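Hi everyone, thanks for coming. Please take a look at the structure on the screen, and then I'll walk you through a few parts of it.

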Amino acid sequence: MKSPHFDLVVIGGGIIGTATAMLLKQQMPTALNVAILEKESSVGYHQSGRNSGVVHMGLYYKPESLKAKLCLQGAFEAFDFFDKHKIPYRKCGKLVVAVKDNELQGLEKLYRNSVTNGVPDVRILDSIKEIQAIEPNCSGKAAIYSPNTAIVDWKEVTKTFAQEFQKAGGTVLYNFKVSELNTESSDPAFPVTITSSIGQRLKARYVLSCCGLYSDRIAQMTGCSYEPRIIPVRGEYLGLSAGEARQLVSTNIYPVPDPNFPFLGVHFTPRMDGSLWLGPNAVLATHREGYSYCDFNLSDTLDLLKYPGFLRLASKYVFKGIEEFTNSVVVNRQLDILKQYVPKLPTGKVYRVSAGVRAQALAPDGTLVDDFVFDFDPKCRVLHVRNAPSPGATSSLAIAKYLLNKMNTDFADLT
């Protein structure tokens, strides 16, 4: 049987892959034959469907970084998309709260950063009275308030991207786990051959890899560098039912980020179903799809332990890692932290609800790669999305446009 031929194959049916495929196909509905390959039975199965569901405004990111530029652009493009396609969302705002005196300097620095990044309508709240005018059950010494921060179901958004892609004539191939990617085919018109784990085969002129947790391994298949390496970081959530949450919290409540730790800390996030999620923490996973402690993969674990960059990272954050693990196992420790922000939190009604695994890129020197990273090697005809953690979902439409611009430059004969 003749292998299907495509002008562009997108590997990965997460939010960035589906957004990019959708925009490309909508721009050129008849000129290009485009396919998305997804190893699961649905899109948005991993990071895109297992997250806090927040539409970020770009408070945290280094000015002039890709994250800073694409987050804000992507947020307002997302709002337009939600409105057009009648996807429910809610602008419930966000408080970043300092509960200790030694956090006030960090809060002020974060406020200046958000102003530099052009975050709209952001302001400082200097007293508990001002904080409680927005969130009556929240306690703190001062806070930043971002009224345009919103919540949405990003998995639903990913599904809509895929549906719009298919409406424009695109193809989604489910249960297609890429096992081989040969960029030296004898066919000059379609030089890339992609083979699945069960022997399915197709040919492509170009490939866009949006593989999240497996981005480094797909890059290695094409002959590109294995670095930055992906380390899986599990984020676990606690929850409160809609009935309990209704009178407690209606706004996202975040801590002031610890400058010595690369994640944002546990926070309160309202959900579209009315419930409330608390978290996530940040615990090293021993499986790239390790959503519970029972999930273990020997190959993934050995891959981590053999990487010098991981050993350098582990030595730097060993005590923080132990603390995060302990808080994960002993839930009351995590609840004690959360009650600093909302003292009325009914701890007896809190339960475990979900977990996600973040694909975090790690450099050889042990530093976590902070910004988005995109990599193209003209010899292999593959454009790689190497690092796109939070705010990747918020930025997805802006990232898609950025990637289309790169493809117009790097994929010389695609369009």
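Let's begin with the second largest pocket: strand S13 (229-240), strand S17 (283-284), helix H9 (308-316) and helix H10 (318-329) each supply at least two residues of its lining. Keep in mind that this is a predicted model. Which of these elements gives the most to the lining? That is H10, with 5 residues. In total, 18 residues line the second largest pocket, and Ala-282, Leu-284, Phe-310, Tyr-317 and Gly-321 lie nearest its centre. The space inside comes to about 410 Å³.

Now let's move to helix H2, residues 66-85. With 20 residues at 1.5 Å a residue, H2 should span 28 Å, and its end C-alpha atoms are 27 Å apart, which agrees.

Who does H2 pack against? One partner is helix H12 (residues 396-410), at an angle of about 115° and with the axes 6 Å apart. H2 and H12 are therefore roughly perpendicular to each other. From H2, the contact uses Leu-66, Leu-70, Gln-73, Gly-74, Glu-77, Ala-78 and Phe-81, while H12 brings Leu-397, Ala-398, Ile-399, Lys-401 and Tyr-402. Sorted by class, that contact holds 8 nonpolar, 2 polar and 2 charged residues.

Another partner is helix H5 (residues 154-167), where the angle is about 70° and the axes are 12 Å apart. That makes H2 roughly perpendicular to H5. On the H2 side we find Ala-78, Phe-81, Phe-82 and His-85, and they meet Trp-154, Val-157, Thr-160, Phe-161 and Glu-164 of H5. This contact has 6 nonpolar, 2 polar and 1 charged residues.

Last topic: the backbone. Most residues other than glycine have a negative phi, and most peptide bonds are trans. Glu-64 is not a glycine, yet its phi is positive, about 75°. You can find Glu-64 in the loop between strand S3 (54-55) and H2.

Another runs from Ser-390 to Pro-391, with omega near 10°. Pro-391 belongs to the loop between strand S20 (382-387) and H12.

How values were computed. Residues numbered from 1 in each chain as written. Predicted model: local features only at pLDDT ≥ 70, side-chain atom pairs only at ≥ 80, totals over all residues. Heavy atoms only, no water. Axes fitted to C-alpha atoms, helices over the stretch in contact; angles between N-to-C directions. Helix = DSSP H or I, 4+ residues; strand = E, 2+ residues; numbered from the N terminus. Parallel < 35°, antiparallel > 145°, perpendicular 65-115°, else oblique. Contact = heavy atoms within 4.5 Å. Nonpolar A, V, L, I, M, F, W, Y, C, P; charged D, E, K, R; others polar. Expected span 1.5 Å × (residues − 1). 1 Å grid on protein atoms, 1.4 Å probe; cavity = no way out; pocket = protein on both sides within 12 Å on 5 of 7 lines; lining within 4 Å. Points joined across faces, edges and corners; volume = space filled by probe spheres on them.
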